[in-house]
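Try each task before reading its solution.

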Amino acid sequence: MNVIFDLNNYLIKWIFALSAISICIGCLLPAHWLPPIRNDKLIHFLSFASLTFMANFFSESTVELLIWMLILAIAGFLIEILQIFVPGRSFCWKDVLSNIA
């Protein structure tokens, strides 16, 4: 049973890493490369909520989960700052709040 848990934990970490990379790339693409998005805030919320959900599975303690949540909140804020330098993108406090909600 422990081997299955370790395999699932390993798989979730890989999915987490690939998801985080995909989210970063998607958030930093120029706006004209993306299709029109109706509810940008919902996409921000769901993206970071899914990362937090996955972090909950591989965190070994509440403290570790809180650290991951802090890291994701900082990453969401930094992504918004980096969007200042991307054509067609801008910093938005509502996006930051959606990322950390």
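**Exercise 1.** Decide whether Phe16 is buried or exposed, and list what Phe16 touches.

*Solution.* Start with the accessibility: Phe16 has a relative accessible area of 8%, so Phe16 is buried (under 20%; exposed is over 50%, partly exposed in between, with a 1.4 Å probe and protein chains only). This is a predicted model, where local features need pLDDT of at least 70, side-chain atom pairs count only at pLDDT 80 or more, and totals for chains, interfaces and linings use all residues. Residues are numbered from 1 along each chain as its sequence is written, and side-chain values use heavy atoms, leaving out hydrogens and water.

Next, find the contacts (heavy atoms within 4.5 Å). Leaving aside residues up to four places away in sequence, Phe16 touches Leu51, Met54, Ala55, Phe58, Trp68 and Leu72. Finally, look at the rings: Phe16, Phe58 and Trp68 form one aromatic cluster.

**Exercise 2.** Classify the ring pair of Phe77 and Trp93.

*Solution.* First, recall the rule: rings of Phe, Tyr and Trp (its six-membered ring) pair if their centres lie within 6.5 Å, and planes under 30 degrees apart are stacked, over 60 edge-to-face, the rest tilted. Then apply it: the centres of Phe77 and Trp93 are 5.9 Å apart with planes at 40°, so this pair is tilted. Last, check accessibility: Phe77 is partly exposed at 31%, while Trp93 is exposed at 56%.
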